[in-house]
Amino acid sequence: MTDSSNTHDLVIIGAGLAGMTAGLRALELGLSAAVLEKGDGEIYPCNTRQSGGVMHIGFLDPYRPAADLTEVIVERTADEADRALAEALVGGGARLLDWLKDKGTRFVKFNEQEGYRWCMAPPRSLRAGIDWQGRGPDLMLQGLVSQFKAAGGVFKGGTRAVSLIMENGACRGVSAVGAAGEEQVSAGQVLIADGGFQANRELYEAHIGGAFERVFQRGARTGMGDGMRMAVAAGAALTETNRFYGHVLCRDALHNDNVWPYPEIDAMATSGIVVNANGRRIVDEGRSGVYLANALAAMPVDAMLYAVFDAAIWEEPGRSARIPCNPLLEEAGGTVLRADSLADLAALADIDPAGLTASVEAHNAAIEAGTLDLLEIPRSTTMKPWPITEAPFMAIPVCPGITYTMGGIAIDGKAQVLDREGRPIPGLLAAGAATGGLEGGKDAGYIGGLMKAGTFGLIAAERAAELKAGEGEKPAVATKTADQMPPKTAPRADRLAAYPMLRGVVRYGKAGAIALSCLAAALVLWLLWPGLENWAIPIAAAAGLVTGVVALSVVELVRLITDLLLPG
């Protein structure tokens with residue numbers, strides 16, 4: 001039996017970004033809320049906490065115009081994304097960033113690429129291996145949980161939801177098991193936000209296919225698909241479920257924790273070729289690293305696979321990633337094979353030399369002739385193909401790494417779970433990686449897991465408030481029109497209001513550098529004139545020039561640092 005103390009307006013299954021955003025937003029809207037999290041302890045494991053913390057929509061700035069963001073979703077998913085979900089994400093992405101900033105989440109611009117403009121601070125360090133504790137996503141999640149509890153939310157750790165309470169086709173709560181045994185938690189609305197099913201062998205092999213042991217779990221390994229299973233039992237429809245978000249990893253990840261979740265091998269694999277032990281290409285390398293990871297996951301378990309490339313690829317694409325393969329993989333103990341000829345490389349990797357030579361020659365010839373589409377396995381050009389011609393020739397043994405599944409529970413643009421007839425199931429909402437319809441498709445289109453989770457967490461809480469209000473009076477929902485959005489790059493001085501000394505350097509630095517240069521020249525002239533007379537003039541001019549260059553360099557360094565650490 002349940003009592004009034006175990007009854008809430010919104011009960012949330014899962015305490016990742018989707019769940020905690022929904023919980024705290026629900027409290028802001030005047031709802032009572034409870035979060036059920038199966039993990040124990042303050043630092044419970046989840047993909048949000050262990051993520052890279054980068055917030056983007058298809059690697060574009062969420063503050064971009066809606067048309068740009070919609071276009072990239074259509075392009076990356078080959079127009080397979082549900083339009084209602086795409087519109088909801090585009091309309092709520094910037095609002096999510098504003099909301100997170102208001103809750104104390106700090107962001108840095110990790111590098112000059114647009115997709116890394118909003119990275120939770122502090123970011124991962126530039127090194128291989130596991131590096132999430134005390135980083136931006138971990139601190140962000142701790143902050144949301146702390147604020148949720150302080151605002152009166154009920155947080156039940158070590159509590160696993162096992163089934164939904166259904167009455168006359170409507171969801172009325174959750175049955176859960178915790179330290180005190182089984183309990184029933186009644187709710188006006190239940191939100192499923194417990195992530196994907198990537199760590200569940202049975203669900204993985206049933207929905208994605210291929211052998212479960214073929215993929216390396218590069219996330220928190222907590223996504224068991226409980227929410228999806230409960231939703232299906234309640235009559236929910238599923239979207240296409242055969243794709244996942246992940247990356248190509250060095251095969252050494254199977255026994256070396258220093259080479260996962262980073263660096264990824266995507267850049268080498270998509271710039272060069274991927275072959276099996278026969279030396280034959282096995283996949284279209286030119287779509288994306290995420291697509292490639294999905295394709296490799298379908299290979300036989302015992303297949304040895306290699307990314308093959310050359311010195312030019314190693315030096316250019318190999319250094320391009322946020323946490324680059326070159327030089328971090330070898331520094332972490334990962335295998336990188338090198339040889340002065342393809343035959344010698346084949347011998348090192350135990351690859352058939354004739355097959356490898358034929359594959360590389362065909363690849364190079366197709367690039368030169370512009371006939372990549374005529375290869376035995378046609379190659380796309382979304383990712384630029386590089387010729388493999390410059391010794392040393394190189395190879396890395398690879399395996400697919402999975403982070404979260406892209407398909408799942410079918411929802412509408414208001415985060416309401418849909419039944420098999422496309423109708424909302426009363427009382428049931430879903431958000432984050434437990435849902436599908438936005439990412440995936442034949443190209444394994446990746447849009448951004450954190451942005452999807454947080455945005456639909458906000459939407460779910462606001463829908464719960466609307467439903468409690470009976471649709472008559474809408475809750476206060478902060479929205480922004482395009483002309484109200486902050487500029488892509490806010491003025492530095494505005495971002496430095498709390499740092500008056502830095503603000504002075506940014507605002508008056510150039511003028512100060514010129515003044516300092518003139519002062520240095522005058523001082524040198526005054527000191528040297530009695531002894532050197534006219535010869536003191538060029539020396540003073542040189543001293544002034546050097547002083548000015550050094551001062552301007554310091555000013556530019558301060559500007560660079562403020563751009564990186566205080567994005568608009």
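Select Asp 226 first: at 8% relative accessible area, Asp 226 is buried (buried means under 20% relative accessible area, exposed over 50%, partly exposed in between, with a 1.4 Å probe and protein chains only). The model is a predicted one, in which local features need pLDDT of at least 70, side-chain atom pairs count only at pLDDT 80 or more, and totals for chains, interfaces and linings use all residues. Residues are numbered from 1 along each chain as its sequence is written, and side-chain values use heavy atoms, with hydrogens and water left out.

Helices (H or I, at least four residues) and strands (E, at least two) are DSSP runs, numbered from the N terminus. Arg 229 is partly exposed, at 41% relative accessibility.

Next, step back to Arg 221, in the loop between strand 9 (216–217) and helix 6 (226–233). Arg 221 is not a glycine, yet its phi is positive, about 65 degrees. Its relative accessibility is 41%, which counts as partly exposed.

Select Arg 280 and Glu 376, whose side chains meet in a salt bridge of 2.6 Å, N to O. This pair links distant parts of the chain, 96 residues apart: Arg 280 is in the loop between strand 11 and helix 8 (289–297), and Glu 376 is in the loop between helix 12 and strand 14 (393–405). Arg 280 is partly exposed at 40% relative accessible area, while Glu 376 is exposed at 69%.

Then select Asp 284 and Arg 287, another salt bridge, at 3.4 Å from N to O. Here Asp 284 is buried, with 8% relative accessible area, and Arg 287 is partly exposed, with 25%.

For a network of salt bridges, select Arg 25, Glu 28, Arg 95, Asp 102, Lys 103 and Glu 462. The count of salt bridges comes to 29.

**Helix 12**

Select residues 353–369. At 1.5 Å a residue, the 17 residues of helix 12 should span 24 Å, and the end C-alpha atoms are 24 Å apart, which agrees; the expected span is 1.5 Å times one less than the number of residues.

Which residues of helix 12 are buried? Colour Gly 355, Leu 356, Ser 359, Val 360, His 363, Asn 364 and Ala 366, which are buried. They cover an arc of only 165 degrees around the axis, so they lie on the same side of helix 12; the arc is that of the directions from the helix axis to the C-beta atoms. On the other side of helix 12, Ala 354, Glu 361, Glu 368 and Ala 369 are exposed.

Now show helix 7 (266–271), strand 11 (273–275), strand 12 (305–309) and helix 11 (342–349), against which the buried residues of helix 12 pack. Gly 370 follows helix 12 and has a positive phi, near 70 degrees.

**Cis peptide bonds and a loop**

Go to Ala 121 and Pro 122, joined by a cis peptide bond with omega about -5 degrees. Pro 122 lies in the loop between strand 4 and helix 4. Leu 126 is in the loop between strand 4 (119–120) and helix 4 (136–150), and Leu 126 counts as exposed at 56% relative accessibility. Leaving aside neighbours within four places in sequence, Leu 126 is in contact with Phe 110, Arg 322 and Leu 328 (contact means heavy atoms within 4.5 Å).

Select Asn 326 and Pro 327 for another cis peptide bond, with omega about 10 degrees. Pro 327 is in helix 10 (residues 325–331).

**Last stops**

Select Ala 444, in the loop between strand 16 (424–430) and helix 13 (449–468). Ala 444 has a positive phi near 50 degrees, in a residue other than glycine, and is buried at 1% relative accessibility.

Finish at Ser 163 in strand 6 (residues 160–167), which is partly exposed at 29% relative accessibility. Ser 163 and Ser 175 are 12 residues apart in sequence and 5.3 Å apart in space, C-alpha to C-alpha.

How values were computed: Salt bridge = Lys/Arg side-chain N within 4 Å of Asp/Glu carboxyl O.
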